[in-house]
Amino acid sequence: MAVVTTPAPDSDAPPPTVREAVKADLLAVYRIEKASFPQPWPFAAFQRYVGEPAFLVAEVGAGVAGYIVADSVPNHGRPLGHVKDLAVHPDQRGQGVGSTLLQRALGVMRAQNAAEVKLEVRESNETARRLYESFGFEHRRTVPRYYDDGENALVMIADL
Ligand SMILES: CC(C)(COP(=O)(O)OP(=O)(O)OC[C@H]1O[C@@H](n2cnc3c(N)ncnc32)[C@H](O)[C@@H]1OP(=O)(O)O)[C@@H](O)C(=O)NCCC(=O)NCCS
């Protein structure tokens, strides 16, 4: 007798597996970067962060679905965390991958004793802004024409 299996709908998708990025992930990471940003980071920028505890990838099934690059730097006392890059493959968005990555990276920075985390986001990027606000990030200041195309950046900060 044939066994019929029904693919699970997206809402029942298993949670992504999150782990530290390794060199073998970089091509997949770079492809997602190029599909996600008008000014993508160069490949070499990702190579520099391999080994950084808050450079994480999320896997859904066998493939890399998204990544986050974050770190903590000394800042007159307790370190300051910085989310530098976050993206999810266009086909995998809206399923919790981005929030899972952000949550895990914030946990790494908390373990590094960071007191605050900052990030820059395009003023027009309402999806990302909403995601960050849901994690307690607040808009602190605006950097005019931060991006090459002249768009402003919002600097957002969260307490850890
Ligand atoms: C921003 C990004 C990383 C979010 O990743 P994601 O996996 O889709 O996010 P999640 O599924 O975890 O959703 C998290 C929250 O984002 C917001 N969000 C996600 N998709 C959204 C959509 N289509 N419209 C509006 N808000 C959306 C919601 O607040 C959502 O929370 P909710 O599910 O409780 O409503 C992803 O959209 C992306 O890669 N965008 C392009 C790159 C980018 O802009 N990166 C951020 C640079 S600062």
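A residue counts as near a molecule or strand if its C-beta atom, placed from the backbone, lies within 6 Å of it. The model is predicted, with local features requiring pLDDT of at least 70 and side-chain atom pairs counting only at pLDDT 80 or more, while totals for chains, interfaces and linings use all residues. Residues are numbered from 1 along each chain as its sequence is written.

**Exercise 1.** Determine which residues come nearest to the ligand, and which element supplies the largest share of the shell.

Solution. Of the 18 residues around the ligand, those that come nearest are R93, G98, S99, R130 and L131. At least two shell residues come from each of β4 (80-88), α3 (97-111) and α4 (126-134), these elements being DSSP runs numbered from the N terminus (helices: H or I, at least four residues; strands: E, at least two). The largest share, five residues, belongs to α4.

**Exercise 2.** Work out which residues of helix α1 (residues 26-36) are buried, and where they lie around the axis.

Solution. A residue is buried if 20 or more other C-beta atoms lie within 10 Å of its own, exposed if 12 or fewer, and partly exposed in between. By this criterion L26, V29, I32 and E33 of α1 are buried. They cover an arc of only 125° around the axis, taken from the directions from the helix axis to the C-beta atoms, and therefore lie on the same side of α1.

**Exercise 3.** Explain why strand β6 (residues 138-143) lies largely in the open, and find what stands opposite V143.

Solution. Of the six residues of β6 the number buried is zero, so the strand lies largely in the open. V143 stands opposite A153 in β7.

Terms used: Two strands pair if DSSP finds at least two bridges between them.
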